[in-house]
Amino acid sequence: MNAVDILKYGQQTVLQAIDGFPETAWETPGACGVWSVKDIISHLASYERVLVDILTTFTRSGATPALNTFIELGGQFNDSEVNRRKERMIQDVLAEFNDTYTQVMSLIVPLPPETLRQSGTLPWYGMDYALDDVLVYMYYGHKREHSAQIAAFRDRLREAGVTGGN
């Protein structure tokens with residue numbers, strides 16, 4: 001597995017899904033349950049922060065506040081993080097999403113492949129899993145899933161007469 005490519009293609013998928021998304025529809029609920037597209041990007045930005053912390057545990061010692069919050073809050077993490085970004089402009093949320101992705105990429109590059117595939121290094125995820133499993137399922141697959149939701153929502157908006165986008 002090429003971790004850099006997996007992360008790159010996941011990010012590209014999201015960016016393609018939101019390219020040209022109608023400005024007037026960013027905060028329209030219904031893209032994923034009650035979440036808007038802005039909420040989805042807020043959610044994904046929070047996961048990027050968690051990944052920075054995960055990678056930090058492999059590359060250097062340091063605080064891991066996002067990972068700690070993710071583990072502590074469990075199922076409440078998603079709504080908590082989306083709500084934390086509610087008052088922010090979409091441009092700020094997108095900047096956080098992209099800037100944090102850049103941090104992720106700088107942290108993943110120095111990790112050797114054997115580190116990525118070593119099981120049991122993330123006990124909170126499961127002792128049978130490795131970092132590369134997390135990258136594929138919790139990041140690449142996660143971004144693909146939300147990108148598909150954004151694309152379907154865009155189609156519904158277009159059918160409803162909301163203009164903009166591809």
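This is a predicted model: local features need pLDDT of at least 70, side-chain atom pairs count only at pLDDT 80 or more; totals for chains, interfaces and linings use all residues.
Good morning. In what follows, two residues are in contact when heavy atoms lie within 4.5 Å.

Helix H5 covers residues 90-108. Which residues of H5 are buried? They are Ile90, Val93, Leu94, Glu96, Phe97, Thr100, Tyr101, Val104, Met105, Leu107 and Ile108. The cover over these buried residues includes helix H1 (3-18), helix H2 (37-59), helix H6 (113-116) and helix H7 (131-159). As a general point, an α-helix has 3.6 residues a turn, so residues three or four places apart point the same way.

I turn now to helix H3, which spans residues 65-73, and to its partner, helix H4, residues 77-84. Two packed helices are described by the angle between their axes and the distance between the axes. For H3 and H4 the angle is about 130° and the axes are 8 Å apart. The two helices are therefore oblique to each other. On the H3 side, Ala66, Thr69, Phe70 and Leu73 take part, and they meet Phe77, Ser80 and Glu81 of H4. By class, this contact has 4 nonpolar, 2 polar and 1 charged residues.

Finally, consider Asn68, which is also placed in H3. Asn68 counts as partly exposed because its relative accessibility is 35%, a value between the 20% and 50% cut-offs. The C-alpha atom of Asn68 is separated by 9.8 Å from that of Ile54, 14 residues away along the chain. Thank you.

Definitions and conventions
Residues are numbered from 1 along each chain as its sequence is written. Side-chain values use heavy atoms; hydrogens and water are left out. Helices (H or I, at least four residues) and strands (E, at least two) are DSSP runs, numbered from the N terminus. The expected span of a helix is 1.5 Å times one less than its number of residues. Buried means under 20% relative accessible area, exposed over 50%, partly exposed in between (1.4 Å probe, protein chains only). Axes are lines fitted to C-alpha atoms, for helices over the stretch in contact, and angles run from 0 to 180 degrees between N-to-C directions. Angles under 35 degrees count as roughly parallel, over 145 as roughly antiparallel, 65 to 115 as roughly perpendicular and the rest as oblique. Ala, Val, Leu, Ile, Met, Phe, Trp, Tyr, Cys and Pro count as nonpolar, Asp, Glu, Lys and Arg as charged, and the others, Gly among them, as polar.
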